[in-house]
Amino acid sequence: MMNLSQPDPDQIEFILFGPGYGECAMIHLGENQWIIVDSCLNKKTGKPAALDYFQSIGTPPEEAVKLIVISHWHDDHIRGLSDIVLSCPKTSICCSSALTKEDFIAHILHYKNIMLKNASSGVKEITKILEISKDRPQIPIKRAIANRLVLDLPLQGTAHSCKVTTLSPSDKEFDNFLKEIGSLVPVKGRKKTRAPSLEPNDTSVAIWIEVGDVKLLLGSDLEEKNSPLSGWCAIVKSKERPEGKASVFKIPHHGSLTGHNDNVWSDMVIQSPFAILSPFRNAGTILPMTHDVSRILGLTSNSYITTRHPAPRSNVHRSPSVERSIKETVVGKIRATLPPMGWVSLRNGGRANPNSWNIQLSDSGSHLKNFYDKFGGHNT
Amino acid sequence: MIDGNTVLSHSEETLSLSWQSGMTEKQSSKFELYEEIAKDFSCSKEEEIHNNIFHTVSDENYDDMSYFVPGEICDNLAHADSKVTDLFPKGIRISQEPHPSFSVLQEWEGYVISISDTTFTARLTDITKSHEIEHEEADFLLDDLEDSDRRAISLGTIFRWIIGYRRSPGGTKDRLSRIVFRNVPIWKEKELNKNKHDAIEMAKQLNVE
């Protein structure tokens, strides 16, 4: 699946996996030291993509991972993350502190067991992660708030120095999130349902990473709120955020317009950065839309997406009797919820050529301009 | 008098039949279920039957399940060899009248992710293949739902989609495809309070810096 070798000790790598009921970003800091942001499941193996990748490059995760960031707690960002946390018993977790508050914990406990016991969900993942953390009090959870340095590794051997700064959530977003959770408290006497989605995502953690002289901006699912106190406006205007411009940009919110802010492109990233994203699909909505693709390509031609395939028709084989009944019951056809998981990898030229990048794509990954080749203009 | 083997050979089939025969998809609460079974067994000792049948289903699973899938009950009974003689008190006469049967070919658990004027979209986990993630998604007609389900449907509503063959006592066979909205439990004050209490305790125990 992943025909990549281990990066060189002085090479910086950024690799994005998705979709897989989530996306997962991994950053190699040098000397086999890694940061993991979020998680997704590899549909083929059923395992977290990050653990599959570590296995393919022969890296045991328990010593290699220096920080695990939960940028977003809901279904499309953290499936399988609890397995990663379990595999890295000495690694700190960083997330919005809203996720450690009793209101939020009560919320996930309410919705934990609604579905089948053996089915994964964002709620179950975060519950497991908090339970694991509770049993590891010696490894504190690091609160992600605006402009907080959560990891500071010195230069060591061929490993680069590394600083990880969380850029969000702001105080306002923190308050909004807890208010919204408060409004979702189940009502006695009402029927149970699956955990409701929370929109917009007020616990999104945008991250600024400096590895040596290379800067990366990971946009998570942070959306623009047109408010000076939240969203990208608040980040761009902040006088306390780290200086400099990123050469690698993980596009927020799957390239949607709601995650876009012109000033991020002018003030926080270099001209024509490497822009990486994974698609999103829910019912009839596909992100990025065609106008999103046009917008991003207008800002940088170095744009790549982890998979270009639409969700295909389900290829699960069933008996003719069952197939007949499906045809009679379903409008159209049963679809696969997820296209094959893909990845985009960027590796630089190490200390000798830190700004020279080599891109590798999975079979389904592609340049962003090819994303809608199979759609033919779908979802304009 | 019924010996254990006789009970076992009847109990799997009868429970399976009883769940489906004469029961609407709504009759899925445990008390309605055992009432139906008691009728089939021509026994008025409902409490005895309840205590004996359901002791093979662990309390932990039981409280979370708002209804029973026939296979799960049959599996429990099929594997509870040592408890066969305990399953039913002696002296219960089991009805020998033929019953319709239903054999499940395919089953999914689904949850609703969007609703339009005429259709709803759901993500599906294949129970038959023991999948753990929702690999599939489909659109269904709202008109195909029972009126009460159509009124009750909302985002996040959970259901089972079951395909199988129904055989009547007369021998006719129909292929059925049914969407069964789970008769999910309601939120209870005790449960909500317990979760709040557990949340307070967990928050205290987390080391956050």
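Tutor: Let us begin with A:Ile181, which counts as buried at 1% relative accessibility, keeping in mind throughout that this is a predicted model.

Student: Where in chain A does A:Ile181 lie?

Tutor: A:Ile181 lies in helix α6 of chain A, which covers residues 171-183.

Student: Is A:Ser97 buried or exposed?

Tutor: The word buried applies under 20% relative accessible area, and A:Ser97, with a value of 5%, is therefore buried. A:Ser97 is found in the loop of chain A that runs between β5 (92-96) and α4 (102-111).

Student: Which residues does A:Ser97 touch, if those up to four places away in sequence are not counted?

Tutor: With those neighbours set aside, A:Ser97 touches A:Arg143, A:Ala144 and A:Phe174.

Student: How should I read the order of the strands in the open sheet of chain A?

Tutor: The order lists the strands as they stand side by side, and in this open sheet of eight strands it is β7-β8-β9-β10-β11-β12-β15-β19, with mixed pairing. The edges are β7 (148-153) and β19 (366-367) of chain A, and because each has a single partner strand, one side of each is left without a neighbour in the sheet.

Student: In what sense do β9 and β10 of chain A pair, and over how many bridges?

Tutor: Strand β9 (residues 207-211) and strand β10 (residues 214-218) of chain A pair in the antiparallel sense over five bridges; A:Trp208 stands opposite A:Leu217 in β10(A).

Definitions and conventions. Residues numbered from 1 in each chain as written. Chains lettered and ligands numbered in written order. Predicted model: local features only at pLDDT ≥ 70, side-chain atom pairs only at ≥ 80, totals over all residues. Heavy atoms only, no water. Helix = DSSP H or I, 4+ residues; strand = E, 2+ residues; numbered from the N terminus. Buried < 20%, exposed > 50% of the residue type's maximum accessible area, 1.4 Å probe, protein only. Contact = heavy atoms within 4.5 Å. Pairing = 2+ DSSP bridges.
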